[in-house]
Amino acid sequence: MPSVISTFAYSALFFHAVFMIILLVTKDDERRDHLIFLSGVFVTTAMWYLNLTLTKTGFFENYPALIGWPTFLVPLFAPTIFFYIHTLSTTRKWHFKNHSYFHWIAGLAVILMDLPHVLSPAESKLANLHMITDQPHSLDPVIAELSYYSNVCTVLLFGFYLVLTIKRLHQHGDRIQHVYSNLGDRTLKWIQVYVLFVVSLLALGISNLLQYSDQYNWILHIICVTGFSIMSLRQKPVFEISNEKITTEQVETTEKAKKKHLSPERRALIAGKLRTAFEKDHLYRDPDLTLRKLSDAVGFSTHHISEALRDDINMNFYDYVNKCRINEACDLLISTDTPTIDIAFEVGFNSRSTFSTAFKKHQNTTPAAYRKGA
């Protein structure tokens, strides 16, 4: 019975992935680069679950010549999902540049390594499917060896791109703190969770080195794929904003700030302007405040502001804005009976969770405990 349920589950996930491909290909969007790579992720996902379904239903027993074809392009899953994340976190529309070839060459090399097995006679592939290794002439030793190393390289490829993905997301998390005062879904943390989950499931399933029972694993697969689908449909490119043009200058603030362009006097002047803009004009109350808006308000370039924040105020843009918000929130918590959530919105936060997180970071306590203690 569990085998029947898992078969239905994997077939449902295959049709779900096909539906997602159709939806993404036909979706109307001004910037389609992230949709192209996301549809590629679901192409490899559909092929993977088609292979699981055909294996469990015994289809390959009757048509062994088709063994290996459904998963032929699965090694491209890793670079595809990496470039999907890249398109979400970049300021420019993605173009296929020369330096991108390397990422696809590795996946294609694994595919070519497995090609002899895919093109081998049906009898050999059926024997390989049954793991018949005690019959000396049932498997071509070279093909079996290549197939084995293809599986190993696929797992290693997934691991390599997992590291690249985590590194990219970490850099992105640091970068947006120099541009935005409210992060929200710009952090892309959900992708890190789901990439770890998806890659782990695929790596375990592809590897012949690790055998595991899938009596209940279909539940994990459903949670993983449907969760990723919902979140990816909601996610927009981080730096694509209709009311504001995010420039490369803003996003590369971290790199530019590593070199000092300003004299100490100039930095002190900019820092003073920032303090005035925040303490007197209360710019931090704007929940959509960005580095670009602040630059326009005080009349200094974005990377000069970041340099002043780093060297004179010793904070990045995100932390400094939220510190100012928390300072006013503390005053309101003590002097008024205004509900905490109303105070959060009044000082510039856009949700209770971000307010609570920022408050605990700056005050080492919760808003309720702070008010009670005061």
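Between which two helices is the loop where Leu188 lies?

Author: Leu188 lies in the loop between α7 (141-176) and α8 (189-206). A word on the ground rules: this is a predicted model, where local features need pLDDT of at least 70 and side-chain atom pairs count only at pLDDT 80 or more, while totals for chains, interfaces and linings use all residues. Numbering runs from 1 along each chain as its sequence is written, and side-chain values use heavy atoms, with hydrogens and water left out.

Back to Leu188. Its phi is positive, about 60°, although Leu188 is not a glycine. Leu188 is also buried, with a relative accessible area of 1%. Here buried means under 20% relative accessible area, exposed means over 50%, and partly exposed is in between, using a 1.4 Å probe and protein chains only.

Asn314 sits in the loop between α14 and α15 (317-335). On the surface question, though, Asn314 is exposed, with a relative accessible area of 60%, whereas Leu188 is buried.

Now for the whole chain. The chain has 18 helices and zero strands; these are DSSP runs numbered from the N terminus, with helices being H or I over at least four residues and strands being E over at least two. Of its 374 residues, 47% count as buried. The accessible surface comes to about 19,100 Å², and carbon and sulfur atoms hold 61% of that; the areas come from the Shrake-Rupley method with a 1.4 Å probe, and for residues only the protein chains shown count as cover. If you take the contacts with a separation of 6 or more, residues 24 or more positions apart account for 75% of them, where contact means heavy atoms within 4.5 Å.

Phe300 shows what that looks like up close. You'll find Phe300 in the loop between α13 and α14, and at 12% relative accessibility Phe300 counts as buried. Leaving aside neighbours within four places in sequence, Phe300 touches Arg266, Ile270, Lys273, Ser295 and Ile305. Ile270 is 30 residues away in sequence, yet the C-alpha atoms of the pair are 7.6 Å apart.

The axes of α13 (residues 291-298) and α14 (residues 302-313) come within 9 Å and cross at roughly 95°. That makes α13 roughly perpendicular to α14. The axes are lines fitted to C-alpha atoms, for helices over the stretch in contact, with angles from 0 to 180 degrees between N-to-C directions; under 35 degrees counts as roughly parallel, over 145 as roughly antiparallel, 65 to 115 as roughly perpendicular and the rest as oblique. From α13, Leu291, Arg292, Leu294, Ser295 and Val298 meet Thr302, Ile305 and Ser306 of α14.

Phe359, in helix α17 (residues 352-363), is another one to click on. At 0% relative accessibility, Phe359 counts as buried. Beyond neighbours within four places in sequence, its contacts include Ile326, Cys330, Leu333 and Tyr370. Phe359 and Lys323 are 36 residues apart in sequence and 8.4 Å apart from C-alpha to C-alpha.

Ala106, in helix α5 (residues 101-119), is partly exposed at a relative accessible area of 25%. Its C-alpha is 8.8 Å from that of Pro75, 31 residues away along the chain.

Last, confidence. The chain averages a pLDDT of 82, and 84% of the residues score at least 70; pLDDT is the predictor's confidence in each residue, from 0 to 100.
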